[in-house]
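Dear colleague,

I am handing over the structure below, and would be grateful if you would look through it alongside these notes.

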Amino acid sequence: SSDDQTGALQNYVECIVGGLMASAGYIVVMPDYTGFGDSAAIHPYVANVLGSSLVGALGAAEKELSGKRSAARPDGRLFLTGYSEGGYVTMASVATLVGGTDPPIGQLGLRLAGVMPADGPYDLSGTMLLQMLSQEKAPLVPSYLLYAASGYHAAYQLNLDDLLVSDPLHPAVDWRAKVELFDGNSTNAEISAAVPYGTMPWTMLQDEAFKLLRDGKGPVYNELSVNNAWLGFATTAPVVLIHCLADDVVPEANRVVAAAALAEYAPNLLLVDVLPVPFIDTLLGSIHTAAYPTAMLAAFKAIESIESS
């Protein structure tokens, strides 16, 4: 019944993955981020404040599990995993949860036992920015620039008038106005129609904003830099960075940069490569989407490996 059939399918598949993990005996907590679910706020896309969504979800789960009617009891170990933006939030949440000291988490005294981010845009001020500024090749999802602008405007009051081209007389290129598409009321199809494949994101930017971002300067670049996913990340728990080398939305360079940054702060770091599911790639035309099932399977195998060690 949803107007957004693609989004409804994605939610369905993600819930099945959570259900399969739960069927193996795990307590599964799947947070809705700020701006999703019942939240009426604007989603702070790829901003590290999203770590609070995980903290809130864990608190709600703890309250439920501590009730007299709950038959499930946690064994004290907490595993984190997520894909795409979920991979970014998985990594960014570590700083929010443990602050680099691996203390007990929450009222139930959980301890971080493993972190498995997958195909996340961790390197915002480097890899992902270069993708959006490219004057040679349009990214598969050019609307992500506007999504990030919307999210940072919500989280940090980013000045969109100085960032994006605004031309009310030509609605097709009035990019400032199109930010409103990300208020939670537009479907994927509507956003894709407004920002079609082949759109060059750099053309959405004011000239001065483009120059500042290209040169690694200015307030927007600074915001991206302080939101790189690995900042504040430190844990002695196993960390498994999962990625599809052929990812056509989130380049594998994100993992390369993140792994180098984490080498000192996550001593138990492992890299795992996955392949996309060919049928899904053919059906949906996205390697990034097609790698989701194999990435989550790799994350689950990593969790099981830690459990049995």
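**Burial and overall form**

Of the 309 residues in the protein, 46% are buried (buried means under 20% relative accessible area, exposed over 50%, and partly exposed in between, with a 1.4 Å probe and protein chains only). Please note that this is a predicted model, in which local features need pLDDT of at least 70 and side-chain atom pairs count only at pLDDT 80 or more, while totals for chains, interfaces and linings use all residues. Residues are numbered from 1 along each chain as its sequence is written, and side-chain values use heavy atoms, with hydrogens and water left out.

The secondary structure comprises 13 helices and 4 strands (DSSP runs numbered from the N terminus, helices being H or I with at least four residues and strands E with at least two). The radius of gyration is 20 Å, close to the 19 Å that the globule rule gives for 309 residues, so the protein is as compact as a globular protein of that length (the radius is taken over C-alpha atoms, and the rule is 2.2 Å times the number of residues to the power 0.38). The C-alpha trace spans about 60 × 45 × 35 Å along its principal axes.

**Aromatic rings**

There are 8 aromatic pairs, where rings of Phe, Tyr and Trp (its six-membered ring) pair if their centres lie within 6.5 Å, and planes under 30 degrees apart count as stacked, over 60 as edge-to-face and the rest as tilted. In one of them, the rings of Tyr83 and Tyr292 have centres 5.3 Å apart and planes at 70°, so this pair is edge-to-face. Because Tyr83 lies in strand 1 (residues 77-83) and Tyr292 in helix 13 (residues 292-308), the pair ties together parts that are 209 residues apart in sequence. Both Tyr83 and Tyr292 are buried.

The rings of Trp202 and Phe210, by contrast, have centres 5.7 Å apart and planes at 50°, so that pair is tilted. Trp202 counts as partly exposed, at 26% relative accessibility, whereas Phe210 is buried, with a relative accessible area of 12%. Ring pairs also link Tyr45, Tyr144, Tyr147 and Phe182 into a cluster.

The charged end of Lys178 sits over the ring of Trp175, 5.5 Å from its centre (the criterion being NZ of Lys or CZ of Arg within 6 Å of the ring centre and within 35 degrees of the ring normal).
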